[in-house]
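Here is a short briefing for a first look at this model. Please start with the sequence and the structure.

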Amino acid sequence: MRAAATTLEGRATQDQARALAEDLKYAGGATVHDADTVDRAAAVRAATLEALSGPWNAPVRFLGRYRTAAWGVCAVLCVVTNTVLRQTGMVESFSLWGFLWALPVLVVDRRFAAVRKEAEARHVANLEASLTAKH
């Protein structure tokens with residue numbers, strides 16, 4: 001069950017990355033402040049864009065835009081590094097040194113997922129606040 005949940009979470013992150021890429025393409029990287037609070041997807045995407053604004057989150061925005069390509073390049077670099085290490089005699093089989101290319105991509109990818117979860121939690125809190133204000 002845990003493997004299935006991880007697979008579904010990965011697919012959700014891929015869908016979120018596609019939505020972020022689309023938002024960045026059409027919004028030009030600007031934040032969206034007038035999203036309807038009833039539309040969960042639009043509100044979460046607007047909060048994600050707002051959280052990812054600024055120069056320090058440029059790698060996260062880049063990975064969000066080109067997630068599949070970044071993981072593809074990472075995988076190729078891992079295989080090439082391990083192959084070169086084996087052919088030069090530095091190691092006898094695949095080693096963890098070749099997989100160090102995945103570390104920065106993994107860290108940035110987890111940051112993207114954390115920002116997305118935080119945006120969803122903020123949306124739920126806003127909905128709860130608006131519902132309590134009505135009653």
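Which residues in α4 meet which residues in α5? R67, W71, C74 and C78 in α4 meet A102, V105, L106 and D109 in α5. Contact means heavy atoms within 4.5 Å.

This is a predicted model, where local features need pLDDT of at least 70, side-chain atom pairs count only at pLDDT 80 or more, and totals for chains, interfaces and linings use all residues. Residues are numbered from 1 along each chain as its sequence is written, and side-chain values use heavy atoms, with hydrogens and water left out.

**The α4 and α5 pair**
- The axes of α4 and helix α5 (residues 102-134) come within 9 Å and cross at roughly 155°. Axes are lines fitted to C-alpha atoms, for helices over the stretch in contact, and angles run from 0 to 180 degrees between N-to-C directions.
- That crossing makes α4 roughly antiparallel to α5 (an angle over 145 degrees).

**Fold**
- The chain has five helices and zero strands. Helices (H or I, at least four residues) and strands (E, at least two) are DSSP runs, numbered from the N terminus.
- Buried residues make up 28% of the 135 residues in the chain; buried means under 20% relative accessible area, with a 1.4 Å probe and protein chains only.

**Confidence**
- The chain averages a pLDDT of 79, the predictor's confidence in each residue, from 0 to 100. A score of at least 70 is reached by 73% of the residues.
- Confidence is lowest in helix α1 (residues 2-27), at a mean of 61, and highest in helix α4 (residues 67-88), at 93.

Methods
Angles under 35 degrees count as roughly parallel, over 145 as roughly antiparallel, 65 to 115 as roughly perpendicular and the rest as oblique. Buried means under 20% relative accessible area, exposed over 50%, partly exposed in between (1.4 Å probe, protein chains only).
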